[in-house]
Amino acid sequence: MLLMPYHAGIIVPDITRAIDDLTDRLGYTFNAPTTIVIPEVEDRVAGSISAVELVATYSCEGPFRLELIQGQGEGVYSPRLSGLHHLGVWESAPEARLRQLEANDEQVDAVIRRADGRISAIYAAAKGLGGTRIEYVNDDRRQQLEEWFETGIMPGR
């Protein structure tokens with residue numbers, strides 16, 4: 001089964017400087033940074049479970065997009081993990097994917113859950129990519145996220 005990445009997530013120490021740098025160097029433009037409240041992050045890097053507030057943006061250019069995330073904390077979004085953080089793919093069965101990753105003793109760095117407890121995304125380290133993760137994003141979020149990519153406004157906010 002071929003899972004084609006639709007974005008690359010990059011942790012940055014300063015999101016405004018990163019936007020300016022990528023615009024100057026590569027010509028990318030970005031939507032305004034958006035504050036996202038994640039109801040539950042089971043952060044296995046930090047050993048914690050909590051709500052997390054992130055600042056992120058996506059490139060206007062696509063279909064393969066760049067995501068910039070302002071580094072924070074000591075866990076999966078830590079500034080010490082600055083650089084290429086993950087490749088995002090759509091996942092139709094995130095609960096089954098998590099079971100498979102755990103059964104195969106893969107390194108799962110975080111499980112992102114909605115307020116109702118359903119999995120929104122999973123970060124799993126890819127053994128051959130030097131720390132870069134695969135982000136398995138629940139494809140039932142695809143329409144919402146693609147609207148955010150296109151408009152710069154997160155639906156439902």
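**Exercise 1. Determine which residues Glu74 contacts, leaving aside neighbours within four places in sequence.**

Solution. Glu74 is in contact with Val45, Ala46 and Arg80, where contact means heavy atoms within 4.5 Å. The model is predicted, with local features needing pLDDT of at least 70, side-chain atom pairs counting only at pLDDT 80 or more, and totals for chains, interfaces and linings using all residues. Residues are numbered from 1 along each chain as its sequence is written, and side-chain values use heavy atoms, without hydrogens and water. Next, Glu74 is placed in the loop between S4 and strand S5 (83-91); strands (E, at least two residues) and helices (H or I, at least four) are DSSP runs numbered from the N terminus. Finally, Glu74 lies 17 Å from Leu84, C-alpha to C-alpha, at a separation of ten residues in sequence.

**Exercise 2. Classify Glu74 and Thr132 as buried or exposed.**

Solution. Buried means under 20% relative accessible area, exposed over 50%, and partly exposed in between (1.4 Å probe, protein chains only). Glu74 has 61% relative accessibility and therefore counts as exposed. Thr132 has 9% and therefore counts as buried. Thr132 sits in the loop between strand S7 (119-125) and strand S8 (133-138). Its contacts beyond four places in sequence include Leu84, His85 and Ala125.

**Exercise 3. Describe how strand S1 (residues 7-12) is joined to strand S4 (residues 65-70).**

Solution. The two strands run parallel and are joined by six bridges; pairing requires at least two DSSP bridges. Within this pair, Ile10 stands opposite Leu68 in S4. Both strands belong to a closed barrel of eight strands, ordered S1-S4-S3-S2-S6-S7-S8-S5, with mixed pairing.
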